[in-house]
Structure formats: structure tokens, C-alpha cells
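Here is a friendly walk through one model, written for someone who likes to check contacts by eye. Please keep the viewer open as you read.

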Amino acid sequence: MRIISFHENEAVENFLSFYQQTKKDHHLLGNQEYILGPRALSRVSSLSWEETKKWAKELKESTGNKVFLQWDILMTQSNFKAVCAQISQYASDINEYFDGIRVQDTGALFWLKEHKDIFREELIQEIHLICENGNHNLEGLKSWYNFWPENISRLVLSAEFPAQKLNELQGQLSCQLEVLGAGNILLFYTPRHLISPLYENENENNKLGEYKVFGTSEESPHKGFPIIENGHGTFMFNTKELYIFSEKEKLDELPHFIFRIDFPIESLTCEQWNLLFRKEHESFQNSRSMGHTKGFFRTNKTDVLFKKLKNHRLQDRDHHYVGDVVDVKKKEHVGILIKGKNLALRKGDEIRLLSPEGREKFVTLKTIWSADKENRESAKTGQIFFIPHVGGISVRTMVFKTEVSSH
Amino acid sequence: MTHWVPELLSPAGSLEKLKVAVSYGADAVYLGGQNFGLRSAADNFTETELKEGVEFAHEHGAQVYVVLNSFLYDKELDDLPDFLKILEEVKVDAVIVSDLGVVETVAKKSALEIHLSTQASCLNSAAAQFWKNKGVTRIVLGREVTIEEAKKIKEEVDIELEMFIHGSMCMAYSGNCVISNYTQGRDSNRGGCAHSCRFEYSISNDNSVEDSQKKFAHFMSSKDLMGLRVLQDFIDAGIDSLKVEGRMKSHHYAGTISKVYSEALQYYKENGNLLSEDLYRWEVELEKVSHRDYHLGNLMAPAGKESIFPERQHAVVETKVAAMVLESIEDKYILAEARGPFQAGDTLEYIFFKGKTHSFQLKEIQDATGETFSKARPGMLVRLPYVREAEALNIVRALPSSLGQREAR
Ligand code: SF4
């Protein structure tokens with residue numbers, strides 16, 4: 001099954017003319033659903049409410065397929081209240097033109113549950129919850145679903161899941177599951193307006209205040225990030241379009257998944273729809289102006305580096321840790337600050353020194369002295385004491401009291 | 001009569017920073033364990049350090065919150081209960097969580113209080129109600145929420161609210177940026193953010209245009225948040241906790257920010273207003289730590305174009321950390337560890353835990369045993385002049401005039 005998302009008039013027009021040309025070929029078209037949202041509710045749509053309704057009607061009449069309302073913006077309190085008021089006002093239209101609602105904001109989900117009575121029963125039983133940000137564990141996904149199991153009919157999963165994980169999940173969640181199959185990968189979403197300041201003196205003709213530009217950083221090998229600014233803020237997309245439909249073997253293992261086709265940057269032409277549906281993968285990809293990626297569909301290794309970043313030295317600390325070396329003077333001394341709580345070191349104790357490079361030395365405290373060079377019998381927490389110089393030991397070496405010396 | 005003030009919550013990137021933040025007045029600190037938190041490169045706490053940190057904080061009347069704000073995978077979720085047990089044993093006061101699966105696991109497997117991380121982007125009252133019903137006792141609101149909006153959320157949902165008052169800002173809705181995942185192969189929501197939003201970009205209408213037609217800009221880099229001037233608004237709105245960003249930042253940062261905000265809050269507590277003569281001094285202090293230009297972020301209104309920081313580098317801060325006091329040898333000298341280079345003739349300044357600082361010109365540099373040197377290098381143990389108020393964990397900084405003089409020489 002495929003769900004197709006539309007963001008502008010041209011996108012729907014192209015699709016409908018492709019559909020008209022192909023409609024006899026049921027096998028080719030397969031099962032489909034559509035997503036439409038007005039720009040007031042949907043992140044990157046440029047459609048007005050009237051246009052949204054018009055296309056919803058036309059898509060339904062031409063194809064007989066379901067159309068879902070996209071309400072995927074995030075909303076701070078004031079905007080949230082205003083949008084909810086608007087939704088209540090348009091409830092009858094929503095009931096008439098749509099088959100379900102898609103949300104990401106937790107508040108929107110909660111509000112729909114509280115106000116379910118203003119919606120048609122069949123419509124409110126088709127809530128698609130967008131869980132594309134994070135939500136990488138089964139426990140969490142189950143819990144989202146269980147918040148409203150009779151009505152959440154679908155979870156939209158993160159594009160960061162590899163196929164193998166998607167496969168695992170399809171057996172464990174009792175609702176429909178959707179993932180991006182082809183389209184632009186959203187990398188960044190902010191409510192701030194970041195592009196318009198750059199075009200401040202040039203935007204007289206830009207009545208909607210919408211911008212579509214490309215950004216490239218010298219500090220990254222990736223060139224030409226598509227960026228959209230509109231009333232909801234700024235959105236940056238990956239430099240390459242996601243395309244996983246050529247991964248036949250992996251897709252065959254995901255028979256229950258619904259794959260979304262979602263191209264907000266550059267709508268598909270009639271011919272491109274044709275290539276896509278005919279699974280002419282190479283020709284389709286060659287026809288697009290952006291490059292293609294399989295994203296994390298094959299594998300996700302974003303955690304490997306993360307693990308390497310961890311400081312393994314720290315993991316060596318245990319309850320025998322007493323402090324750190326704070327001063328080293330060759331051939332003279334090593335100064336140690338006792339840091340642990342209520343600790344003391346005495347003459348005769350044995351200590352283990354573990355340098356930042358991992359060098360280990362064992363020393364029995366025969367003489368210890370203060371900064372004033374007065375000999376001491378012991379030193380306690382918060383004090384610095386000195387011992388004869390130990391080779392290979394540097395500042396920040398950790399000091400442990402060995403078992404041998406435990407009094 | 002004392003007046004109600006919010007909690008001041010400071011970052012603790014390491015055990016030493018925890019002690020510094022608490023000693024300089026933080027009412028609570030947040031920190032990460034070895035796993036499950038977002039700051040992979042911070043000196044995250046081992047179990048022993050965690051225990052010591054919690055004991056230290058509790059002895060000083062401060063709370064400790066542990067971040068579990070990574071978006072966890074199933075395998076990690078399986079390992080979480082063991083860590084929760086440790087957290088309960090060492091008596092941490094709450095955990096900060098962003099993932100619903102983690103919320104459920106913490107609620108099922110422990111009696112720990114759950115704070116919802118800003119990573120969950122909780123932005124409105126309906127979302128707050130959802131999380132409250134899930135057992136969350138405090139919500140760290142998304143940074144896009146204004147104080148006025150937070151007040152309304154608080155009126156509608158009876159739950160503790162926490163807001164950021166100071167520090168670097170993520171430009172995206174928290175949890176809604178995966179630039180690093182796709183460009184660097186590092187998961188931003190698991191500690192791998194490469195700060196791509198701080199880069200300079202060339203912007204053009206068309207991907208193929210010549211450089212001469214492109215606009216070059218740090219268009220998605222945010223200025224730093226600084227909410228001292230609107231502290232009164234936070235108090236009036238009844239925001240329960242004011243959070244300072246920056247577990248990766250220095251001791252100087254942890255100490256200075258904690259000191260400034262705790263003094264301001266203390267002043268309000270005693271006087272019921274913020275008309276303190278020290279307001280200017282506090283602002284000057286905030287300028288002395290490394291930062292991008294300050295801005296009010298979204299605190300008073302949605303952040304506009306003036307919230308964008310147009311440069312790559314941090315502001316040049318001329319005040320640098322010189323040393324950290326380790327031990328006071330009564331009536332003789334102060335033993336300190338040099339944390340930056342300084343030399344005889346430089347003007348240094350003790351930052352005491354409370355009140356004004358004390359500056360002095362360093363006549364000579366002595367090492368721990370009293371031998372004289374011309375320069376101190378980081379890591380060296382030095383004797384500094386004795387001042388009664390100076391105590392362990394006080395930060396000593398080098399003042400700009402001395403740095404300037406030295407550069408001129
Ligand atoms: S790159 Fe910038 S916006 Fe993205 S997560 Fe990192 S700090 Fe936030």
C-alpha cells in the first residue's frame with residue numbers, strides 16, 4: 001500500500017492526469033491513499049483551505065480512495081488554542097471531505113481525543129500518529145498506540161529504522177505502520193524565520209512570505225540542502241531524496257507496511273509518476289534533479305561513533321578511588337589531592353596510580369609531606385600531600401587505595 | 001518575610017562541576033550517567049561519582065536530577081532497570097526523560113520522579129496534560145514557549161514547569177533536528193549533534209547559480225539565551241525551575257552563571273523585587289563567560305531575526321580562567337591548580353561563593369613548594385596570596401587588563 005502526500009496544486013494535477021491515463025491498470029496502481037493539508041495546519045503545504053477541500057473531493061471522486069487531513073505542525077500554547085478553535089469551526093468540512101486525521105503534536109492528539117464528538121465516527125477512528133522523531137523503541141510505540149487504541153489506526157515510524165527493525169516491529173504492533181518510502185527527508189524544523197532576513201529588500205513580490213532556497217556549507221561535503229520558509233517557520237531537507245523502492249527483497253519482507261511518497265521540494269511530473277509506479281527505478285532516479293539515497297533502510301550505524309566518544313578511562317573509577325594527582329615535579333615529588341568523602345591516607349598505605357594514558361603504578365606511602373615540606377603521618381579529604389616522584393605519572397592521574405591497605 | 005522564588009537548576013558536566021555549581025548557589029543540578037544521556041562527550045558520572053555527587057548536593061541542600069534523555073533503542077531499554085536501581089540507591093531526586101518508552105519503564109520499574117525533557121517538545125497545555133497523566137511530575141517546556149504561554153499552561157494543568165533561562169540554544173524544535181544523522185552519521189538525539197546549525201551556508205534560489213549570486217550567512221545559528229532581565233516575569237508566572245544550559249561548558253561557566261542567578265534570586269527572596277544595585281554587576285559577570293551574543297530567545301515573544309547569531313565564533317571573552325582553589329593553608333597561602341596560563345604581573349581575581357570578587361596583582365609565581373617561576377602553565381600547582389574568604393573550589397580568573405598588557409609586551 002502507498003500513501004501519497006501532496007503539498008501544492010501542481011502536484012495533485014500531475015498525479016490526477018497520470019491516474020486518468022493509467023486507471024485501467026489496477027495492478028499497476030495498487031492500493032493507495034492520499035494526504036492533503038492546508039497551509040494553516042500542514043508544515044510545508046502551500047494549499048489554501050478551499051484548494052485542500054477541492055482536491056480532497058476530486059481525489060476521492062476520481063480514485064475512490066481515502067484522503068487524510070494533515071495537521072502536522074507543532075504548536076506553542078497561543079497558536080495551539082487558535083488552531084484548535086479553527087479546527088472546531090471547520091469540523092463539518094473535515095467530516096465531509098476527509099477519512100482521517102494525521103498529527104504529530106502530542107497536544108493535538110490529546111485534544112482530538114477530548115473533542116472526538118465533533119467528528120464523524122469513521123473519521124475519528126482513523127488517527128495517524130506521526131512518531132517520526134525519535135520513538136525508537138517498542139515500549140514507547142506501544143504506549144502511544146495504547147493511549148487511544150480504538151482510534152489510533154496507524155503509527156508513522158521514523159525513517160531512521162533499518163528494514164530489519166521495521167520487520168520486527170510489524171509483528172509486534174497491532175495497528176497499521178507507515179514509513180517514508182520515497183521523498184524528501186526532513187532534517188530540521190524550527191518556528192524561527194531564517195531565510196526571509198536574507199531577502200529583506202527583495203521580497204516585495206512575495207505575498208505569502210514563502211521561500212524555497214538551497215543551502216550549502218563549506219564545512220560539510222553535502223551540497224544544496226533544500227530549505228523552505230513559510231508561516232510555520234523554517235524546514236531544511238536532506239540533499240538527496242530517499243528512494244527505497246528498488247530494495248525489492250527487503251520490501252517483500254514488509255508486506256504490511258504502508259510506504260509514503262512525499263516530495264514537497266520538487267513535485268513529480270506525470271511522467272515521473274509513471275516511472276515510479278512502473279518500478280523503473282533507474283529511469284525515475286535519473287529523471288529527478290536531486291540525487292538519491294536509501295537513508296538508513298539498509299543499516300543504521302549512527303550509534304557507532306557515539307559509543308567511541310565515551311571516555312572509557314572514567315569507567316575505571318570505583319569505590320577505592322581517593323583522588324587525583326595535581327602536581328608533578330620530576331625527581332622531586334608527586335602532589336595528590338584527596339577528593340573522596342571522609343577519606344584519609346596514612347603512611348604505610350598502598351596506592352594505585354592510573355594515568356590518563358592507562359599506565360598503572362603501585363606505590364607504598366613511606367614518606368608523605370605537606371606543601372610546607374613538613375612530614376606528615378596522614379592526609380585527609382580536601383588536603384594536598386606529596387610523595388616522592390614516580391616516573392610515568394602525570395597530572396590528572398587517578399589515585400586508588402588498594403585492598404592491601406584497607407584499614 | 002521571604003518571597004517565593006523558583007529553583008535554580010545548573011548543569012553538572014562532571015563531579016567537580018557539580019560541586020562548583022552547588023557551591024556557587026545552584027538549588028539543583030542535572031547530570032548524566034555513563035549511558036542513556038544526550039551529552040556523549042561530557043565527563044559523564046560513574047556510579048561512585050554519582051553517589052558522591054548526590055551526597056555532596058544533598059549536604060548542601062541541593063537536588064540532583066539525572067538525564068536519561070536519549071531516544072533509546074529496545075536493547076538499551078532492557079538495560080535501563082539496572083541503572084534505575086542504582087539511581088534509587090544513591091537517592092537521586094528525579095530523572096529527566098524525553099522518550100515515552102523510557103517514561104513507561106521508569107514509572108513501572110522504579111519510584112523515581114520523572115521530569116519530561118525539553119527534547120520531547122512539550123509546547124502546550126494539552127500536551128502537558130498528556131504527560132501528567134503518564135506520571136510525569138515536571139515538564140521542561142520546549143524553548144519555543146514564551147513565559148506568558150507557560151503561565152497559561154500552568155493555569156490549565158497543575159504540574160511543575162521548568163524553563164531555560166540561560167545558555168546556548170538549539171535552533172530546531174528540540175528532538176526535531178537530524179542533520180548530524182544524515183550528514184555526519186551521528187545521531188543528534190543520542191548525543192551526536194555536530195552543531196551543523198553553527199556553520200556558514202551559501203544560500204541561493206537555484207542550486208546551480210554562481211557564487212557571486214549566492215548569499216553567505218550563518219543563517220541558522222542562534223544567539224545565546226540570557227533571561228536575567230526577565231527574572232521577575234518567570235517569578236510572576238510561577239515557573240518552578242529555571243534551567244541553565246551547558247553540561248559541556250567550563251567550571252568557570254557553571255560557577256559564574258550559578259552565582260549570578262542565585263544571588264539575583266536570593267535578592268528577590270529577601271526584597272520581593274529585583275531593584276538591586278548589583279544588577280549591573282551581575283550582567284557584567286555574565287559577559288565574562290564565553291558566549292555568543294545574548295538574546296531573550298522566545299521568552300517574551302517568538303524569536304525574530306535579531307535572535308540569529310551571524311558569526312561562527314563565540315564572542316571573544318577577555319576574562320579567562322587562571323586557576324581553581326584546591327586548599328587554603330590558613331594565614332599562609334592558597335594552593336590552586338593552574339587551569340590556564342598566567343604570569344607574574346597579571347591581575348587575578350578570586351570569585352568567592354558569595355558577594356563581590358577580590359582582585360590582586362600577582363607579584364611572583366610560586367609553585368607548591370615555594371619555588372619561584374615566571375609563568376604558570378595549566379596543570380601546575382601554585383601558591384596564591386592568602387585571602388580569608390577563599391576556599392576550595394573557588395575559581396580564580398585572569399582579568400583582561402593583564403592579558404592585554406601581556407599581549408602588548
Ligand atoms: S545542529 Fe543545531 S539545531 Fe540541530 S540539534 Fe544540533 S544544536 Fe540543535
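The report below goes from the ligand to the interface, then to the strands and the charged pairs.

## The ligand and its shell

Please bear in mind that this is a predicted model. The ligand sits between chains A and B. Chain A is represented around the ligand by Phe188(A), while chain B brings Cys170(B), Met171(B), Ala172(B), Cys177(B), Cys193(B), His195(B), Ser196(B) and Cys197(B).

Sorted by class, this shell has 7 nonpolar and 2 polar residues, and no charged ones.

## Where the two chains meet

The contact between the chains draws 93 residues from chain A and 95 residues from chain B. The size of an interface is often given as the accessible area lost when the parts come together. For chain B and chain A, the buried area is about 8200 Å², with 54% of it coming from carbon and sulfur atoms. Within the area that chain B buries against chain A, Tyr173(B), Asn176(B) and Tyr182(B) supply 9%, more than any other three residues.

Polar groups take part too: 41 residue pairs are in polar contact across the interface of chain B and chain A, counting pairs with both residues at pLDDT 80 or more. On the side of chain B that touches chain A, helix α5 of chain B (residues 125-133) gives the largest share, with 7 residues. By class, that side of chain B comprises 36 nonpolar, 27 polar and 32 charged residues.

## Strands across and within chains

A strand pairing also links the two chains. Strand β8 of chain A (residues 211-217) runs antiparallel to strand β8 of chain B (residues 201-204), and 4 bridges join them. In this pairing, Phe214(A) is found opposite Ser204(B).

Chain B also has an open sheet of 8 strands, paired antiparallel in the order β17-β16-β22-β13-β14-β21-β18-β19. Its edges are β17 (358-361) and β19 (372-373) of chain B; each has a single partner strand, so one side of each lacks a neighbour in the sheet. Further in, strands β16 (residues 347-351) and β22 (residues 395-398) of chain B run antiparallel and are joined by 4 bridges, with Glu349(B) standing opposite Arg397(B).

## Charged pairs

Side chains of opposite charge can pair when their charged atoms come close. Over all chains, the count comes to 56 salt bridges, and between chain B and chain A it is 9.

Which residue of chain A does Asp74(B) meet in a salt bridge? The partner is Lys165(A), at 2.4 Å from N to O. Lys165(A) also forms a salt bridge with Glu168(A), here at 3.1 Å from N to O. Both Lys165(A) and Glu168(A) belong to helix α9 of chain A (residues 163-170), where they are 3 residues apart, about one turn of the helix.

Note on methods:
Residues are numbered from 1 along each chain as its sequence is written. Chains are lettered from A and ligands numbered from 1 in the order in which they are written. This is a predicted model: local features need pLDDT of at least 70, side-chain atom pairs count only at pLDDT 80 or more; totals for chains, interfaces and linings use all residues. Side-chain values use heavy atoms; hydrogens and water are left out. A residue is near a molecule or strand if one of its heavy atoms lies within 4 Å of it. Ala, Val, Leu, Ile, Met, Phe, Trp, Tyr, Cys and Pro count as nonpolar, Asp, Glu, Lys and Arg as charged, and the others, Gly among them, as polar. Contact means heavy atoms within 4.5 Å. Buried area is the accessible area (1.4 Å probe) that two parts lose on being put together, summed over both. A salt bridge is a side-chain nitrogen of Lys or Arg within 4 Å of a carboxyl oxygen of Asp or Glu. A polar contact is a pair of N or O atoms within 3.5 Å; within protein, one must be able to donate a hydrogen and the other to accept it, and residues adjacent in sequence count only if both atoms are side-chain atoms. Two strands pair if DSSP finds at least two bridges between them.
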